Amino acid sequence: MDFSLGERERDLVGLCRDFAQAEIAARAPRAWDEGRCPTDLLREMGGLGLLGVLIPEEWGGIGMSTVGFVAAMEQIGLADQSVAAAWQAHVTIGSLPLYLFGTDAQRERWLRPLAEGRALGAFGLTEPDAGSDARGIRTRAERRDGGWLINGRKTFISNAGTDMSFGVTLLARTDQADGSTPGYGSFVVEKDTEGFTMGPKMRGIGWRGLDTRELYFDDVWVPDDQLVGDAGMGLSQFLRTLEVGRISIAALSLSLTQAVLDLATDYAKQREQFGQPISKFQAVQFKLADIATELEAARWLTYRAAYLRDSGQAFQKEAAMAKLKASRVAAWAASEAVQIHGGLGYMLDTPVARFYCDSKVLEIGEGTNEIQHLVIARALGC
Ligand SMILES: Cc1cc2nc3c(=O)[nH]c(=O)nc-3n(C[C@H](O)[C@H](O)[C@H](O)COP(=O)(O)OP(=O)(O)OC[C@H]3O[C@@H](n4cnc5c(N)ncnc54)[C@H](O)[C@@H]3O)c2cc1C
């Protein structure tokens, strides 16, 4: 296996490093404090081609490999996790259903603006009564007047309510009373559609710059050409999309772990107690050495999952393993890094405290870690 980056990927990493250090690190913490999604930064990332990172040039993107995207994410997430979270949600679950399953007309109409960075994409799966159990959704699309009438409610949906949002690609039941259409369908609902409303931005422990909301659909009518893929195939489309999302959450976790490792190492070298830097105490050194080692293990799992996807091989099990391992490492490492900072690490003005707050959701989003266990166990034949 060769995970070394090609020239295009190295250029992308350099671009992301420069932008992350110069702009994101300087401006995003304020948005985090204010609980505001910094769409100004996301627009600028769009101008750099980053919002279409995984979409081919033919549809307005830059056609980067998954390995290149992971490497780029390591730079963006190092500077701020909310911006990185909004970016990854847009790039994977927000855009891929249209790219992978849409018609050319749908790609032209909705994917191109997303890939060119003119709009932000959202993915509507979770509902108040259906999270891990995606089959249990209640949002329903009924055949009506040559189109579909959608009724239901989604929750925790990212990127749907910003001034850059285009609407949402959602999953709805399409099984009809007369048995004519089976299963689930995926539909695009644009933001100004009659009957489509949303709640206020939700307040999380972390990712405070990410726009996450409840969405309501009351007799929302959409024409047939807003059905993405076949009416019976929506669930499998959404689950396939989430597989890429898991690599992306793993990459986000790597960036968080690297960030807290850097912060804790720097702090340990300059904080003195008992007449010497605390980095001289083995108890502190071992924490840092453990974080560095676990990070490296998580990193190779993540790059391997990305490499498998790029080389057209099955990557479902590896993506679940990468997400499980990397998010666990991130949540544990953030806690250890706060410990190394002592009381200062508890204060929200410090970057390490913000990363700590941002770390928990990595074990929940895009399939909880318990669900990753189930995916892996199933791959083992259990
Ligand atoms: C900040 C944020 C952003 C999000 N963005 C989006 C988004 O853009 N789009 C979207 O559709 N969703 C989004 N989500 C939703 C997220 O994907 C769900 O929260 C997640 O899938 C878990 O679903 P749930 O919250 O309903 O928990 P539940 O499914 O109710 O799970 C509760 C607990 O039970 C456990 N559990 C459930 N089933 C099993 C089982 N079979 N075996 C063992 N344990 C089990 C879970 O692991 C968990 O610990 C977001 C969530 C957050 C917090």
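## Helix α8 and the glycine after it

Helix α8 is followed by G312. The phi of G312 is positive, near 75°. Helices here are DSSP runs of H or I with at least four residues, strands are DSSP runs of E with at least two, and the numbering starts at the N terminus. This is a predicted model, in which local features need pLDDT of at least 70 and side-chain atom pairs count only at pLDDT 80 or more, while totals for chains, interfaces and linings use all residues. Residues are numbered from 1 along each chain as its sequence is written, and side-chain values use heavy atoms, with hydrogens and water left out.

Helix α8 covers residues 282–310. Its 29 residues should span 42 Å at 1.5 Å a residue. (The expected span is 1.5 Å times one less than the number of residues.) The end C-alpha atoms of α8 are 42 Å apart, so the helix agrees with that expectation.

## What α8 hides

Buried means under 20% relative accessible area, exposed means over 50%, and partly exposed lies in between (1.4 Å probe, protein chains only). The buried residues of α8 include V284, L288, I291, L295, A298 and T302. Their cover includes α3, α7 (234–270) and α9 (316–341). An α-helix has 3.6 residues a turn, so residues three or four places apart point the same way.

How buried is T302? Its relative accessible area is 0%, so T302 counts as buried. T302 sits in α8. Its side chain reaches the backbone oxygen of A298 at 2.8 Å. That is a polar contact: a pair of N or O atoms within 3.5 Å, where within protein one must be able to donate a hydrogen and the other to accept it, and residues adjacent in sequence count only if both atoms are side-chain atoms. Leaving out residues up to four places away in sequence, T302 touches V70, I247, A250, A251, L254, A322 and A326. Contact means heavy atoms within 4.5 Å.

## Helix α1 and its bend

Helix α1 runs over residues 7–34 and has 28 residues. From its first C-alpha to its last, α1 reaches 38 Å, close to the 40 Å expected. Where does α1 bend? The bend is at I24, by about 50°. The bend is the angle between axes fitted to the seven residues ending at a residue and the seven starting there. Just after α1, G35 takes a positive phi of about 65°.

Among the buried residues of α1 are C16, F19, I24 and W32. What covers the buried residues includes α2 (39–47), α3 (66–79), α4 (81–91) and α10 (351–359).

## Cores and cysteines

A nonpolar core is a set of buried Ala, Val, Leu, Ile, Met, Phe, Trp, Tyr and Cys residues joined through side-chain atoms within 4.5 Å. The largest such core has 86 residues. I24, L42, M45 and W87 have the most contacts inside it. The largest share of this core, 14 residues, comes from α7. A second, separate core has 18 residues, including A141, L215, F217 and A231. As for W87, its contacts beyond four places in sequence include L42, M45, F69 and I76.

How many disulfides does the whole structure hold? The search finds zero. A disulfide is a pair of cysteine sulfur atoms within 2.5 Å. The closest cysteine sulfur to that of C16 is in C37, 17 Å away, so it is too far for a bond. C16 is buried, with a relative accessible area of 0%. C382 counts as exposed, at 73% relative accessibility.

S82 is in helix α4. Its relative accessible area is 2%, so S82 is buried. A polar atom of the S82 side chain lies 3.4 Å from the backbone nitrogen of R208. Leaving aside neighbours within four places in sequence, S82 is in contact with W32, W207, R208, G209 and L210.

W207 lies in the loop between β6 (196–198) and β7 (212–223). W207 is buried, at 12% relative accessible area. Its phi is positive, about 45°, although W207 is not a glycine. Most residues other than glycine have a negative phi.

## Strand β3

S158 belongs to strand β3 (residues 147–158). Is S158 buried or exposed? S158 is buried, with a relative accessible area of 18%. Beyond four places in sequence, S158 touches G121, A122, L210, D211 and T212.

F156 counts as exposed, at 53% relative accessibility. Its phi is positive, near 60°, in a residue other than glycine.
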